[in-house]
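Subject: Structure handover, with notes on fold and salt bridges

Hi,

Here is the structure I promised to pass on. Please open it alongside this message.

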Amino acid sequence: MEMVWFSKLGVPYLHLGKGEPLVLIHGLGEVKEGWSNQFELADQFELIIPDLRGHGDCTRTDGISIPNFASDIIGLLKELGIINAHILGLSMGGAVAQEIYRQAPDLCRSLMLVSTFHYFPKKLKRILYNNRRKKFEAVTASGKQTEFLAHMALYSWNKNTVDTFSNYFRPKYFIFLESLKMCLEVNNRSLLPEIKVPTLIIGGQYDSVLPVWIQASMHKLIPDSKFIIMRNTGHLAKLEAKDRFNQLLRCFLNQQTNAV
């Protein structure tokens, strides 16, 4: 088990490997250990993997918002003396990655936005929040929370994938709902055309949480971005197709290194 470190501001994080800094930002209800399939990247990169506010080992529960998630990570990187880093965000973590670019563009060497979003229309926001809140409340009361969310997030149902999901998806009721609400407030339509760093966008072919048309829309807005749809995966390609996913990351990251 990797050692957990804490920043001066109380941000828990994993820190392993050597090389160019690579920040891995988890999604809604996840914990930093959910990136365990990507620990192998430490052979080439310095991995910084935080728990977002209210998630995992982070005991701070006030100020749940995408901007605060981002500022926590920016503060951590500055504390570590990191001038710039590759920033990878999954799902809600992708919105946090975009917000890091908004707040501190010079801190971002590249962006990897995985199964994520940039904006929800007003009508869709109401439908998503009300429907998912009600379902989450119902399955929480029934004790089938993890099973229900696994069905939403995963395309393949082998035992190892489901067990890994169950280990690293640990939503806290209030934090989950408040974070979901904050996700629906994100509007980066004007930000994306201003992104000037190399950007990779990855979508899952059968993602029922955040369908690939959302990532396709992001690709159209971000100049010179690369867009890849991972076949036969759902919302969590990092679990369902670990080797393909990690190879995609290495390929993209090595292109940035070789371009310097």
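Predicted model: local features only at pLDDT ≥ 70, side-chain atom pairs only at ≥ 80, totals over all residues.

**Overall fold**

The protein chain holds 9 helices and 8 strands. Its C-alpha trace spans about 50 × 40 × 35 Å along the principal axes. The radius of gyration is 17 Å. A compact globule of 260 residues would come out near 18 Å, so the chain agrees with that expectation.

Burial is 53% of the 260 residues. Take the contacts between residues at least 6 apart in sequence: 74% of them join residues at least 24 apart.

**Surface and charge**

The chain exposes about 11,600 Å². Carbon and sulfur atoms supply 54% of that area.

There are 30 positive and 24 negative side chains. The centres of the two sets lie 7 Å apart. Side chains of opposite charge can pair when their charged atoms come close. A search of the whole structure finds 12 salt bridges.

**Asp57 and Lys32**

These side chains meet in a salt bridge, at 2.6 Å from N to O.

Asp57 is at 36%, so Asp57 counts as partly exposed.

**Asp163 and Lys159**

This salt bridge is also listed at 2.6 Å, N to O. Both residues belong to helix α5 (residues 159-168). They are 4 residues apart, which means a separation of about one helical turn. Lys159 is exposed, with a relative accessible area of 61%. Asp163 is partly exposed, at 32% relative accessibility.

**Glu194 and Lys196**

Here the N to O distance is 3.7 Å. That still makes a salt bridge, because the cut-off is within 4 Å. Lys196 is exposed, at 66% relative accessible area. Glu194 is partly exposed, at 44%.

**Where to look**

Then turn to the pair in helix α5, Asp163 and Lys159.

Best wishes

How values were computed: Residues numbered from 1 in each chain as written. Heavy atoms only, no water. Helix = DSSP H or I, 4+ residues; strand = E, 2+ residues; numbered from the N terminus. Rg over C-alpha atoms; globule rule 2.2 N^0.38 Å. Buried < 20%, exposed > 50% of the residue type's maximum accessible area, 1.4 Å probe, protein only. Contact = heavy atoms within 4.5 Å. Areas by Shrake-Rupley, 256 points an atom, 1.4 Å probe, with all protein chains shown as cover. Lys, Arg positive; Asp, Glu negative; His and termini not counted. Charge placed at Lys NZ, Arg CZ, Asp CG, Glu CD.
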